[in-house]
Amino acid sequence: MGTVVSSIIIKPKHIHKFLILVLGLSSSGKSTFLSQLSSKIIVKTPVTTFQVKTANYMNFQFKSWTIGKEITNRNPWRQYMNNAFGVIFIIDSANVARFDEAKDELQGLLRANELAKVPFLILCNKQDLGWTMSENWISENLGIQNIKRPWKVVGVSMLRKDSLVEGIQWMIEYVEKTNGDNV
Ligand SMILES: Nc1nc2c(ncn2[C@@H]2O[C@H](COP(=O)(O)OP(=O)(O)OP(=O)(O)O)[C@@H](O)[C@H]2O)c(=O)[nH]1
Ligand SMILES: [Mg+2]
């Protein structure tokens, strides 16, 4: 039948080639980030407590879920981690009490074999609040100075969209430059 052949030959208009993971502790600002990228957020709610939210932007697909020490079953993450081209790690800069937990989670992701080579963009969110940890302080205290992969730390406000473009642009340019059409 023609439809099968045409679906092979004619590519759909929106091919989201590059998967980027958007991760962070609860309330760090992941959902706010996704809604700044797209007005259409797809929520996948499986039987387990693992909820994935997806937003498509240009030829990128952003998938987000909550991480943290209370989450013990990490097996469902693997399917996405294996296919990821980059990680955006979001930190709530106003939450000093959970900084160490965020740092531990980030270090765990950096050790994951599935993510061995992918770039990490760390967004220090909520910089619009007056009492936040600064981008510089966070950068110096995350233990990332010597990691052997591309990384960048940017202070942002998801609510005001401050510096958001700068961060996303870095990730998009890096992923496109290093992967081209070899997907
Ligand atoms: N002041 C300020 N508040 C923000 C900012 N970004 C997000 N928030 C607020 O922080 C709260 C949590 O944001 P979410 O985007 O829901 O956080 P999340 O990471 O998706 O949280 P979970 O889904 O629970 O994991 C909300 O009340 C947001 O409005 C920001 O840049 N500045
Ligand atoms: Mg959320």
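## A tour of the predicted model

Colour the protein chain by pLDDT, the predictor's confidence in each residue from 0 to 100: the average is 89, and 88% of the residues score at least 70. This is a predicted model, in which local features need pLDDT of at least 70 and side-chain atom pairs count only at pLDDT 80 or more, while totals for chains, interfaces and linings use all residues. Residues are numbered from 1 along each chain as its sequence is written, with chains lettered from A and ligands numbered from 1 in the order in which they are written.

Select residues 1-9 next, where pLDDT stays under 50 and the model has zero contacts beyond four places in sequence (a contact being two C-beta atoms, placed from the backbone, within 7 Å). Where pLDDT is low, the predicted coordinates should not be read in detail.

Move to helix H6, residues 164-179 (helices are DSSP runs of H or I with at least four residues, strands runs of E with at least two, numbered from the N terminus). Its buried residues are Gly-167, Ile-168, Met-171 and Val-175 (buried means 20 or more other C-beta atoms, placed from the backbone, within 10 Å of a residue's own, exposed 12 or fewer, partly exposed in between). They lie on the same side of H6, because they cover an arc of only 90° around the axis, taken from the directions from the helix axis to the C-beta atoms. The buried residues of H6 pack against strands S1 (18-24), S5 (84-92), S6 (120-125) and S7 (151-155), whereas Glu-166, Gln-169, Glu-173 and Lys-177 are exposed on the other side.

Methods:
Expected span 1.5 Å × (residues − 1).
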